[in-house]
Amino acid sequence: MSSIAGPITTVGIDADDTLWHCEPHFKIVEGRFADLIAAHGDPEEVDAHLLEVERANLEIFGYGVKGFVLSMIETAIQLTDGAVPGDDIATIIGWGREMMTEPIELMPGVAQTIELLARDYDLVVMTKGDLFHQESKVASSGLAEHLTGVEVFHEKDEATYAKVLAKRQINIDEFVMVGNSMSSDVQPVLAVGGRAIHIPYETNWALDHAEGDGHGYTEIERFDLLPNTLREMTS
């Protein structure tokens, strides 16, 4: 639990795997990819190689489906020594197209909770990923009318949070960040003197994983517990 007390005016909310399901879609496609090039490595080897390629490409392609697709193509080229068929490349691109157009599946209770929270707080979605894709997901989610704004970042670190809070003239003492990622939604916000609420998700991407020590932040099981939790944090 955070030691900071006082009013909260703005709630930052992560998007993927906080407001709606995301990571399971990537896991499904990773399984398809391992099957596609099974002749060139067992699933564990393929997954490990893909992860390293993604890690190397983050600074260039960033987070999201497009970077994921490019990393799969690069991995396929490397593991097949350049012999990957054009049809397989087309298949990978097709998976990416499917992921970019998949309908949004909100977490249980999100729609009602967002509507309720919007009565008392400014709600700003703060997420990583591709700008076009994330903005389109917000637009199709049905949540946009309740939001004060949407911020899509290349990275969610201390400098990013400090910059966006300054731009929006948000006092750090009146801000709380909500999300499923310790490394993106909790730790950097605590580092700049803010408050954070962690809502664990069933699975996290390996490159966005960190362990929490239980200090300085609040953890809840479900999104619909947010209103009561926010009230308790300011009492």
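A residue is called buried when its relative accessible area is under 20%, exposed when it is over 50%, and partly exposed in between. Aspartate 42 has a relative accessible area of 34%, so it counts as partly exposed. Please keep in mind that this is a predicted model.

**Getting your bearings**

- Look for aspartate 42 in the loop between helix 1 and helix 2.
- From there, aspartate 224 is 182 residues away along the chain, and the C-alpha atoms of aspartate 42 and aspartate 224 are separated by 41 Å.

**The cavity**

- Rolling a probe the size of a water molecule over the atoms shows where empty space is left.
- The structure holds 1 cavity of 30 Å³ or more.
- The largest cavity contains about 630 Å³ of space.
- Its lining is made up of 42 residues, and those closest to the centre are Asp16, Cys22, Glu23, Phe26 and Gly64.
- Two or more lining residues come from each of these elements: helix 1 (23-36), helix 2 (43-61), helix 3 (65-79), strand 2 (122-128), helix 6 (131-141) and helix 8 (182-191).
- By class, the lining of the largest cavity has 12 nonpolar, 16 polar and 14 charged residues.

**The largest pocket**

- About 190 Å³ of space lies in the largest pocket.
- Residues lining the largest pocket include Asp17, Thr18 and His21, along with Met107 and Pro108.
- Also among the pocket-lining residues are Ile199, Pro200, Tyr201 and Glu202, as well as Glu221, Arg222 and Phe223.
- The lining of this pocket divides into 6 nonpolar, 2 polar and 4 charged residues.

**A nonpolar patch on the surface**

- Ile60, Phe61 and Leu70 together form a nonpolar surface patch with about 290 Å² of accessible area.
- Phenylalanine 61, one of the patch residues, is found in helix 2.
- Phenylalanine 61 has 37% relative accessibility, so it counts as partly exposed.

**Salt bridges**

- Side chains of opposite charge can pair when their charged atoms come close.
- How many salt bridges does a search of the whole structure find? There are 12 salt bridges.
- One of them pairs lysine 156 with aspartate 14, with the closest N and O atoms 3.0 Å apart.
- Lysine 156 sits in the loop between strand 3 (149-153) and helix 7 (158-167), and aspartate 14 in the loop between strand 1 (10-13) and helix 1, so this pair ties together parts that are 142 residues apart in sequence.
- Are lysine 156 and aspartate 14 buried or exposed? Both residues are buried.
- Another salt bridge joins the side chains of glutamate 151 and lysine 167, at 2.8 Å from N to O.
- This second pair links distant parts of the chain, with glutamate 151 in strand 3 and lysine 167 in helix 7, 16 residues apart.
- Glutamate 151 counts as buried because its relative accessibility is 10%, whereas lysine 167 counts as exposed because its relative accessibility is 55%.
- Aspartate 224 and arginine 222 also meet through their side chains in a salt bridge, at 2.9 Å from N to O.
- Aspartate 224 counts as partly exposed at 36% relative accessibility, and arginine 222 counts as partly exposed at 41%.
- Salt bridges with shared partners bring Asp14, Lys156 and Asp185 into one network.

Notes:
Residues are numbered from 1 along each chain as its sequence is written. This is a predicted model: local features need pLDDT of at least 70, side-chain atom pairs count only at pLDDT 80 or more; totals for chains, interfaces and linings use all residues. Side-chain values use heavy atoms; hydrogens and water are left out. On a 1 Å grid over the protein atoms alone, a cavity is a set of points where a 1.4 Å probe fits but cannot get out, and a pocket is an open set with protein on both sides within 12 Å along at least five of seven lines; lining residues have an atom within 4 Å of a point. Grid points are joined across faces, edges and corners, and a volume is the space filled by probe spheres set on the points. Helices (H or I, at least four residues) and strands (E, at least two) are DSSP runs, numbered from the N terminus. Ala, Val, Leu, Ile, Met, Phe, Trp, Tyr, Cys and Pro count as nonpolar, Asp, Glu, Lys and Arg as charged, and the others, Gly among them, as polar. Patches are made of residues with over 30% relative accessible area and no salt bridge: like charges are joined within 9 Å, nonpolar side chains (Val, Leu, Ile, Met, Phe, Trp, Tyr) within 5 Å. Accessible areas come from the Shrake-Rupley method with a 1.4 Å probe; for residues, only the protein chains shown count as cover. A salt bridge is a side-chain nitrogen of Lys or Arg within 4 Å of a carboxyl oxygen of Asp or Glu. Buried means under 20% relative accessible area, exposed over 50%, partly exposed in between (1.4 Å probe, protein chains only).
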